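Here's a quick briefing on some local features worth a look in the viewer. Keep the structure open as you read.

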Amino acid sequence: MNHQLYDFGMIGLGVMGRNFLLNVADDGFAALGTDIDAESVTALNAEGEGMNVKGVGTQKEFVSLLSKPRKIMLLVPAGKIVDAVIEGLLPLLDDNDIIIDGGNSHYDDTNRRYEYLKTKNIRFLGTGVSGGAEGARRGPSIMPGGDKSAWNDVKSVLETVAAKVNGEPCVTYIGESSSGHYVKMVHNGVEYGLMQLIAEAYDILKRAGGMSNDDMSALFDEWNKGRLNSFLVEISADILKQRDDKMDGHLLDLILDKAKQKGTGKWTSQSAMNLGVPTPTIDAAVTMRGISAFKQFRQDTSKMFEHVHPHDSTLKGQDLAVAVEKALYSSFIITYAQGMHLLAEASEDLNYDLDLEGIARIWRGGCIIRATLLEKIRKAYSKRDGLKNMMATSEFRDELFDCRDSAVDVIATAMQQGIPTLCMSSALNYYDAFRSERLPLNMVQAQRDYFGSHTYERIDQAGIFHTDWGK
């Protein structure tokens with residue numbers, strides 16, 4: 001009989017869960033896993049041969065082999081499955097055991113589970129994990145929120161398995177209740193924005209600049225050596241040069257232009273709207289995925305409107321490449337700024353007490369949105385208590401101003417060619433709106449008062465006013 005007790009348990013041995021658990025075992029912890037799929041358990045035992053890791057077939061055996069307090073992580077699909085797994089575990093657990101939900105659960109569900117498990121004397125951590133399968137295996141960015149005593153008990157494991165930047169682990173305690181999953185949600189919203197911005201840059205270089213995939217790959221690789229250094233730019237360079245293994249040509253050219261989504265980008269936009277925080281570039285990225293889904297309609301309308309592409313490019317060759325780099329870089333800054341601003345407002349509204357400098361720090365490595373730019377963002381928040389929107393800081397003010405003319409030229413070139421740039425355009429307009437002392441919303445307020453008697457304020461005297469318009 002196996003009498004060994006294991007330090008850390010994983011329920012859900014798909015690629016992410018299996019890789020995460022192997023990472024735990026790599027770092028000297030005894031790791032135990034289970035899954036309702038017997039083949040996944042077999043795969044763990046095969047991949048973990050010679051390591052201190054084991055897969056078992058039942059939750060009862062799984063729980064019995066864990067040292068107390070038990071540390072159990074779930075990497076299962078978000079939603080009702082999480083609740084079902086928790087309910088199955090509860091009769092087997094003891095007071096003060098720990099459940100860690102590592103999936104992309106909605107923060108409202110995490111709040112509910114956090115409060116429910118308190119009544120069962122079970123400590124709960126809603127934990128965002130970013131980095132994909134490779135990150136889970138080699139070192140992800142980890143965002144745990146919930147019971148702080150639970151964090152203290154699992155801290156040694158999570159700090160060891162997390163990615164490292166300059167020796168610092170890309171994990172920190174985020175805050176109470178659902179804060180970890182909220183931060184991961186916003187991370188994914190920023191991810192949506194950055195991905196769409198890169199896609200728009202690619203589209204402009206290809207359609208307006210006439211660049212080949214190989215030339216664009218070399219250009220993206222060059223950008224990745226500079227201020228645009230990031231995981232997403234790096235993999236985009238690789239994607240552009242990948243040849244197809246079924247027929248001659250590049251694989252990218254054969255991939256259908258319909259992007260799927262799992263909902264975290266939409267959740268970010270919904271939460272931002274509920275809090276009154278503008279995140280137009282993230283919203284635009286969600287919208288573009290929605291537009292992409294209407295493939296047949298786009299094919300039909302493209303035949304009707306071919307005549308709207310009459311212009312040659314304003315920018316060409318190297319001038320276009322230089323301008324697109326500036327437009328993309330400034331749009332990256334603005335997208336991160338929108339995400340961080342949302343976190344700042346949510347921290348107050350949802351009582352998370354978020355450490356924004358700490359969040360930027362753990363996003364520097366392991367996660368999908370990791371980028372050199374995040375170190376500059378970290379420094380901006382470390383210097384200023386209460387900073388909400390980083391755009392106006394000395395770290396970014398001059399760069400944004402320097403890039404603006406190029407962004408205008410790139411967007412104008414795209415518009416002349418009929419190339420959609422919903423994200424780049426939204427980033428530029430967000431920047432211009434926030435640097436405008438006066439916006440035309442006086443007209444909106446007047447309209448609201450005209451048709452609905454909603455009142456308005458004046459600039460020349462205090463108070464609330466209503467006018468009988470037209471009389």
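A quick term first: on a 1 Å grid over the protein atoms alone, a cavity is a set of points where a 1.4 Å probe fits but cannot get out, while a pocket is an open set with protein on both sides within 12 Å along at least five of seven lines; lining residues have an atom within 4 Å of a point. This is a predicted model, where local features need pLDDT of at least 70 and side-chain atom pairs count only at pLDDT 80 or more, while totals for chains, interfaces and linings use all residues. Residues are numbered from 1 along each chain as its sequence is written, and side-chain values use heavy atoms, with hydrogens and water left out.

**Cavities**

- Searching the whole structure turns up 2 cavities of 30 Å³ or more; a volume here is the space filled by probe spheres set on the points, with grid points joined across faces, edges and corners.
- The largest cavity holds about 60 Å³ of space, and its lining includes Ser 330, Cys 403, Arg 404, Met 424 and Tyr 431.
- Two or more residues of that lining come from each of α14 (317–349), α17 (397–417) and α18 (422–434); helices (H or I, at least four residues) and strands (E, at least two) are DSSP runs, numbered from the N terminus.
- By type, the lining of the largest cavity splits into 9 nonpolar, 2 polar and 1 charged; Ala, Val, Leu, Ile, Met, Phe, Trp, Tyr, Cys and Pro count as nonpolar, Asp, Glu, Lys and Arg as charged, and the others, Gly among them, as polar.
- For the second largest cavity, the volume is about 40 Å³, and Arg 227, Leu 228, Asn 229, Ser 230, Tyr 329, Phe 332, Ala 371, Thr 372 and Leu 373 line it.

- Among the residues lining it are Arg 438, Asn 442, Tyr 456, Glu 457 and Trp 469.
- Asn 442 sits in helix α19 (residues 441–452) and is partly exposed because its relative accessibility is 43% (buried means under 20% relative accessible area, exposed over 50%, partly exposed in between, with a 1.4 Å probe and protein chains only).
- Asn 442 and Glu 457 are 15 residues apart along the chain, and 9.0 Å separates their C-alpha atoms.

- Lys 68 and Pro 69 are joined by a cis peptide bond, with omega about -10°; you'll find Pro 69 in the loop between α3 (59–64) and β4 (71–74).
- Ser 177 isn't a glycine, yet its phi is positive, near 50°.
- Look for Ser 177 in the loop between β9 (168–169) and α8 (179–207); the residue counts as buried because its relative accessible area is 14%.
- Thr 455 is another non-glycine with a positive phi, about 70°, and belongs to the segment after α19.
- With a relative accessible area of 26%, Thr 455 is partly exposed.
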